[in-house]
Amino acid sequence: MRILYQLLVVLFMMLQGAAGKVPFDPCLAQNGRCFPGICRRPYYWIGTCLNGFSCCRVYVEGQGPLWQ
């Protein structure tokens with residue numbers, strides 16, 4: 001019986017940890033920002049955010065794509 005209470009405490013602590021996590025946002029991972037509609041200057045479109053907005057990144061002169 002005593003181990004059952006300890007297992008419940010561990011389960012409760014795991015659920016508390018999972019509740020505080022923020023869902024992964026691929027737009028933020030690419031240093032982008034979410035905007036409703038289209039991307040305006042100085043931003044350019046790099047994808048779609050989780051909420052359906054446009055994922056935009058600031059255009060920096062002289063900084064090419066990572067694969068070049």
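**View 1. N31 lies in the loop that runs between α2 (26–29) and β1.** Welcome to a predicted model, in which local features need a pLDDT of at least 70 and side-chain atom pairs count only at pLDDT 80 or more, while totals for chains, interfaces and linings use all residues. Residues are numbered from 1 along each chain as its sequence is written, and side-chain values use heavy atoms, with hydrogens and water left out. Helices (H or I, at least four residues) and strands (E, at least two) are DSSP runs, numbered from the N terminus. Look at the backbone of N31: its phi is positive, about 60°, although this residue is not a glycine. N31 counts as exposed because its relative accessibility is 64%. The word "exposed" stands for over 50% relative accessible area, "buried" for under 20%, and "partly exposed" for what lies in between (1.4 Å probe, protein chains only).

**View 2. Three strands form an open sheet in the order β1-β3-β2, with antiparallel pairing.** β1 (33–35) and β2 are the edge strands; each has a single partner strand, so one side of each has no neighbour in the sheet. On average, neighbouring strands of this sheet are turned by 45° against each other, direction ignored. That angle is taken between axes, which are lines fitted to C-alpha atoms (for helices, over the stretch in contact), and angles run from 0 to 180 degrees between N-to-C directions. As you follow a strand, keep a handy rule in mind: in a regular strand, side chains alternate between the two faces of the sheet.

**View 3. β2 and β3 come together as a hairpin, with five residues between the strands.** Strand β2 covers residues 43–48 and strand β3 covers residues 54–58, and five bridges join them in the antiparallel sense. For two strands to count as paired, DSSP must find at least two bridges between them. Follow the bridges across: T48 is partnered by S54 of β3, and G47 by C55 of β3. In this hairpin, G52 takes a positive phi near 95°.

**View 4. A cis peptide bond leads from R41 to P42.** Its omega is near 5°. P42 belongs to the loop between β1 and β2.

**View 5. Here you can find the two aromatic pairs of the structure.** In the pair of F35 and Y43, the ring centres are 4.8 Å apart and the planes meet at 55°, so this pair is tilted. Y44 and Y59 make an edge-to-face pair, with 6.3 Å from centre to centre and 80° between the planes. This pair links distant parts of the chain, since Y44 is in strand β2 and Y59 is in the segment after β3, 15 residues apart. Rings of Phe, Tyr and Trp (its six-membered ring) pair if their centres lie within 6.5 Å; planes under 30 degrees apart are stacked, over 60 edge-to-face, and the rest tilted. Relative accessibility is 22% for F35, which is therefore partly exposed. Y44 is partly exposed too, with a relative accessible area of 33%, and Y59 is partly exposed at 49%.

**View 6. V60 lies in the segment after β3.** How far apart are the C-alpha atoms of V60 and Y43? They are separated by 9.1 Å, although the two residues are 17 residues apart along the chain. V60 is partly exposed, with a relative accessible area of 41%, and Y43 is partly exposed at 21%.
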